[in-house]
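Here's a quick tour of a protein for anyone just starting out with structures. Have a look at the sequence and the model, then read on.

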Amino acid sequence: MEKKERIDKILSMCGFGTRKDVKKIIKEGEVMVNGEVIKDAGYHVLPEVDEILVFGETLVFKRNIYIMLNKPKGVICATYDKKDKTVVDLLEGEYSHRNLFPVGRLDKDAEGLILLTDDGMLAHKLLSPKSKVFKEYYVEVEGYLTQEDILAFEKGIQLEDFKTQPAELTIIESNKVSKAKVKISEGKFHQIKRMFEALGKRVVYLKRTAIGALKLDSTLSPGEWRELTDEELKILKENVD
Ligand code: URA
């Protein structure tokens, strides 16, 4: 939906600095809207419709931002923390001026796919228990994995406070430390660790590899991130519509 916004807010959202920095750029006559120089920072524009030039270059405005991040270990899924580094702290430039937040959580010691956005509606839909979006994980656990474990995941596992929905366990390698893939449609606190614990196995490594049809880009090293492509955003939205 097109919405009128103050030009200083739009420029700040697009990475031209704080409101104060932006006011200076506007005062200096560096901003044109539909062919006219604008010197009023409170001037209202339709950012998706009006032609906005800054320093002579056309501004490409994105109302929402969608980022995939490969969360490294030791970083927490929050927007701010006094002690720990957060996933938002890993972002730079124009992205630090947008109110981006992580959709859902991964434990501090887990790695992998985190979506960061300022699209509250999509976040709500993805997190809603109704949407049943599958999340995929790669895990390494202490102990041998068996056919019984696969069946237990399929049937749902009784934890202290609830019984899990049917989940999919695919064994990659059964060994003293086993490797596997897990698909779950819920996201309760420490869920995967608790599911394996209930079967007497301890998770020693956990990485989220997909949220619904959105797969973690394998070229992103831990700590790296990029915006979603239009195609990725489309398939993600299709998961919840
Ligand atoms: N399950 C867990 O135990 N931890 C996570 O971070 C995600 C799922």
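What share of the contacts in the protein with a separation of 6 or more comes from residues 24 or more positions apart? They account for 66% of those contacts, where a contact means heavy atoms within 4.5 Å. Keep in mind that this is a predicted model, so local features need pLDDT of at least 70 and side-chain atom pairs count only at pLDDT 80 or more, while totals for chains, interfaces and linings use all residues. Residues are numbered from 1 along each chain as its sequence is written, and side-chain values use heavy atoms, with hydrogens and water left out.

**Overall build**

- You'll find 6 helices and 15 strands in the protein; these are DSSP runs numbered from the N terminus, with helices (H or I) of at least four residues and strands (E) of at least two.
- The protein is more spread out than a compact globule, because its radius of gyration is 22 Å, well over the 18 Å that the globule rule gives for 241 residues. That radius is taken over C-alpha atoms, and the rule is 2.2 Å times the number of residues to the power 0.38.
- Along the principal axes, the C-alpha atoms fill a box of roughly 70 × 35 × 30 Å.
- There are three pieces to look for: domain 1 (5-58), domain 2 (66-128 + 222-238) and domain 3 (135-211), with bounds from an automatic or database domain assignment.
- Taken over C-alpha atoms, the centres of domain 1 and domain 3 are 51 Å apart.

**Inside and outside**

- Buried residues make up 46% of the 241; buried means under 20% relative accessible area, exposed over 50%, and partly exposed in between (1.4 Å probe, protein chains only).

**Strand E12 and its partners**

- Strand E12 (residues 177-184) has a covered face with Ser 178, Ala 180, Val 182 and Ile 184, and an uncovered face with Val 177, Lys 179, Lys 181 and Lys 183.
- On one pairing, E12 meets strand E10 (residues 135-142) in the antiparallel sense over 8 bridges; strands pair if DSSP finds at least two bridges between them. Here Glu 142 stands opposite Val 177.
- Strand E11 (residues 168-173) also runs antiparallel to E12, joined by 5 bridges, and Thr 170 has Lys 181 as its bridge partner.
- A hairpin through 3 residues links E11 to E12.

- Thr 86 sits in the loop between strand E7 (66-71) and strand E8 (101-102).
- Thr 86 counts as buried because its relative accessibility is 0%.
- Leaving out residues up to four places away in sequence, Thr 86 touches Val 75, Ile 76, Ala 78, Thr 79, Tyr 80 and Asp 81.
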